[in-house]
Amino acid sequence: MAAKDTSTSNIPPPIRAEVKMRQITQGGEKVFILKEPDKGSYYQFDEAQYLMLSLFDGKMDVPELVEAFDEASDVYAYDEDALKDLIDSAREFKLLTLTKEEQNTALVEKLRDLREGARLQAQGSLLMMRMSLVDPDEMFDRIINRMRFVWSPAGVKVSFLIIFIAFFMVGLNIDRFMVDLERVMHLATDGVWGLFGIWTVAMCAIAFHEVAHGLTCKHFGGEVHEIGFLLLAFQPCMYCNVNDAWMFESTRHKIYVALAGVWVEMFLGAIAAFIWLIVDATHPLGMICFILMLIATAASLFMNLNPLMKFDGYYILSDLVQVPNLRENAISWFSYLLKVKVFRMDEEAPLRPTRREARVYFIYGGMTVIYLTVMLGGMAIMMHGLVAEALGTWGVIAYLAVVAKFTHMMTGTW
């Protein structure tokens with residue numbers, strides 16, 4: 001009889017006590033979201049995978065776990081190879097109880113991440129760079145109970161009424177609006193201080209926008225441990241990490257978190273509109289309120305609700321169609337179809353989507369690729385004209401080299 005393999009690699013430890021778990025229904029199927037506590041990362045497992053993970057006790061080896069799983073489930077079956085893959089993934093995600101050596105390694109990694117977090121760093125792509133500034137969770141805990149009425153049905157109705165009245169009143173004063181819009185355009189092109197003033201008002205609106213995301217996430221039971229500075233498509237702004245919304249069972253609550261920033265900006269724009277109606281834009285207060293009204297409504301309606309960029313509208317759409325990682329998977333799937341169907345390339349499928357998912361990926365991926373091509377192409381053409389006028393032929397040559405390098409990095413395997 002062969003000796004039993006009692007090596008620690010063949011006996012997985014139990015799930016860490018600090019790991020948080022939430023069961024949700026996604027696309028009509030039961031899935032489990034596990035949150036790794038150190039980096040705040042989220043991992044999704046299906047019902048069979050989670051059932052197997054729950055059997056890990058630090059005593060049973062791989063064959064014994066497969067046998068115990070078969071006894072516990074009449075619906076699913078597991079083999080040893082699949083279990084070993086699951087163990088490897090759980091170890092990689094740091095979901096299993098750590099040995100002392102692993103704990104020391106994790107501590108070193110955490111200290112390194114804290115040092116790296118003190119400086120601006122790219123996270124994901126050239127179009128998104130971010131730097132964490134503060135952990136607001138305790139501050140949100142202190143203030144959240146004093147403002148629960150904001151999320152009550154009465155509070156939402158009152159804010160909607162204020163926004164509606166403000167839009168109506170601005171519509172009645174459209175001629176004055178157009179005159180003041182020309183003043184703002186002149187202010188933006190008149191000098192650096194005018195542009196700086198507009199940018200300052202915009203950053204204040206964005207700060208309220210991000211705090212609204214965090215407080216709404218907190219209201220529905222999530223944790224918020226990161227607010228910071230974001231350079232998105234080379235434009236400065238801010239961000240609030242509300243990834244805990246992935247743990248919410250209710251799709252409506254996830255959508256409320258994503259919609260909260262837009263709603264607060266619209267409310268701020270409404271209050272600013274009422275002040276602008278009383279104080280003329282020739283007065284500094286009137287001009288500030290007009291700029292706030294303009295930025296808050298324009299940013300909300302034309303940018304943040306745009307589902308083709310990773311703004312609030314994207315996350316709302318992702319929750320509505322119940323397809324996680326929609327953008328990445330859709331671009332990957334559309335790229336695969338383009339290579340195989342159009343260019344007749346021999347390419348392995350990056351995903352195994354259902355028929356519904358494949359349809360969603362094709363539509364969203366195609367729209368995103370077209371949108372990004374037009375947007376970035378337009379920006380490149382506009383910058384080419386500016387560079388040509390300011391720097392001449394050699395400047396254009398250097399600019400085209402930068403564009404070529406940037407395009408190569410963006411297109412990857414293409």
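Biologist: How many helices and strands are there in the protein chain?

Modeller: There are 13 helices and seven strands, where helices (H or I, at least four residues) and strands (E, at least two) are DSSP runs numbered from the N terminus. This is a predicted model, in which local features need pLDDT of at least 70 and side-chain atom pairs count only at pLDDT 80 or more, while totals for chains, interfaces and linings use all residues. Residues are numbered from 1 along each chain as its sequence is written, and side-chain values use heavy atoms, with hydrogens and water left out.

Biologist: What share of the 414 residues in the protein chain is buried?

Modeller: A residue is called buried under 20% relative accessible area, exposed over 50%, and partly exposed in between (1.4 Å probe, protein chains only). By that rule, buried residues make up 36% of the 414 residues in the chain.

Biologist: How should I read a salt bridge, and how many does a search of the whole structure find?

Modeller: Side chains of opposite charge can pair when their charged atoms come close. The term is used for a side-chain nitrogen of Lys or Arg within 4 Å of a carboxyl oxygen of Asp or Glu, and a search of the whole structure finds 13 salt bridges. One of them joins Lys30 to Glu47, with the closest N and O atoms 3.6 Å apart. Because Lys30 lies in strand E2 (residues 29-36) and Glu47 in helix H1 (residues 47-55), this pair ties together parts that are 17 residues apart in sequence. Lys30 is partly exposed, with a relative accessible area of 36%, and Glu47 is also partly exposed, at 29%.

Biologist: Where else can I look for salt bridges?

Modeller: Look at Lys339, which pairs with Glu347 at 3.6 Å between the closest N and O atoms. Lys339 counts as buried at 6% relative accessibility, while Glu347 is partly exposed at 32%.

Biologist: What is the volume of the largest cavity, and which elements supply at least two residues of its lining?

Modeller: On a 1 Å grid over the protein atoms alone, a cavity is a set of points where a 1.4 Å probe fits but cannot get out, whereas a pocket is an open set with protein on both sides within 12 Å along at least five of seven lines, and lining residues have an atom within 4 Å of a point. Grid points are joined across faces, edges and corners, and a volume is the space filled by probe spheres set on the points. The largest cavity has a volume of about 100 Å³, and strand E1 (20-26), helix H9 (251-278) and helix H11 (312-321) each supply at least two lining residues. Among the residues that line this cavity are Trp246, Lys254 and Asp319.

Biologist: Which element gives the most to the lining of the second largest pocket?

Modeller: H9 gives the most, with seven residues. The second largest pocket has a volume of about 690 Å³ and is lined by 25 residues, of which Val150, Trp151, Ser159, Trp263 and Val264 lie nearest its centre.
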